[in-house]
Amino acid sequence: MYNDELKAKIQAFFKDKKRIVIVQGDNPDADSLSSSLALEQILSTFDIEPYMYCSIDVAHHLRYLTGWDRVSTEIPSSFDAWILVDCEYTRLLDNVQSAGILPRLKTKPLLVIDHHDSPTDIDFAELVINDPGSGATGEVIYKISELCSWEINNSAAEFLTVSILADTL
């Protein structure tokens with residue numbers, strides 16, 4: 001799965017993108033929040049401005065993660081693409097849909113990064129990277145980072161570790 005063809009697709013997705021919204025599903029857990037925070041760190045090393053979004057406030061039990069307060073409940077006025085993390089079903093975007101945000105998101109290219117062992121019903125994505133062999137979305141992000149030779153700084157490494165530990169115990 002993690003081969004030159006996937007690497008080329010990932011590079012094509014990020015080409016010429018300046019602002020990317022990282023979206024979590026309606027009921028985020030430690031894997032989705034940590035994955036968002038890790039992606040924020042990784043994308044910041046590119047010439048990309050990452051923006052984290054969730055339709056609900058970050059749960060109190062997840063606020064130990066440094067950076068949780070950068071997750072917004074509002075979509076920015078302009079962005080070039082979006083990444084959906086740890087979310088394989090549109091039903092996990094019901095709040096986004098009912099707020100009228102999903103149609104706006106759908107006008108931009110979407111990359112889905114997930115690890116669940118179920119077929120997705122998200123048929124509007126430009127690229128879906130779903131690896132059920134990984135224990136967490138953070139592990140998928142790590143594998144993508146290795147494939148693409150992305151820098152993982154200490155903060156991103158910590159977030160990826162939390163993601164993997166949270167979903168695999």
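**View 1. Crossing of helices α1 and α5 in the predicted model.** The axes of α1 (residues 4-14) and α5 (residues 137-148) cross at roughly 95° and come within 10 Å. Angles of 65 to 115 degrees count as roughly perpendicular, and α1 and α5 are therefore roughly perpendicular to each other. On the α1 side the contact is made by Leu6, Lys7 and Ile10, and on the α5 side by Ile144, Leu147 and Cys148. By class, the residues of this contact are 5 nonpolar, no polar and 1 charged.

**View 2. The largest nonpolar core.** This core has 36 residues, of which Ile10, Phe14, Ile83, Leu111, Ile113, Ile129 and Ile144 touch the most other members. Two or more residues come from each of α1, β1 (19-24), α2 (30-44), β3 (81-85), β4 (110-114), β5 (127-130), α5 and α6 (154-168). Helix α2 gives the most, with 7 residues. A second, separate core of 17 residues includes Trp82, Leu93, Ile101 and Val112.

**View 3. Strands β4 and β5.** The two strands pair in the parallel sense over 4 bridges. Leu111 stands opposite Leu127 in β5. In a regular strand, side chains alternate between the two faces of the sheet.

Terms used: Residues are numbered from 1 along each chain as its sequence is written. This is a predicted model: local features need pLDDT of at least 70, side-chain atom pairs count only at pLDDT 80 or more; totals for chains, interfaces and linings use all residues. Side-chain values use heavy atoms; hydrogens and water are left out. Axes are lines fitted to C-alpha atoms, for helices over the stretch in contact, and angles run from 0 to 180 degrees between N-to-C directions. Angles under 35 degrees count as roughly parallel, over 145 as roughly antiparallel, 65 to 115 as roughly perpendicular and the rest as oblique. Contact means heavy atoms within 4.5 Å. Ala, Val, Leu, Ile, Met, Phe, Trp, Tyr, Cys and Pro count as nonpolar, Asp, Glu, Lys and Arg as charged, and the others, Gly among them, as polar. A nonpolar core is a set of buried Ala, Val, Leu, Ile, Met, Phe, Trp, Tyr and Cys residues joined through side-chain atoms within 4.5 Å. Buried means under 20% relative accessible area, exposed over 50%, partly exposed in between (1.4 Å probe, protein chains only). Two strands pair if DSSP finds at least two bridges between them.
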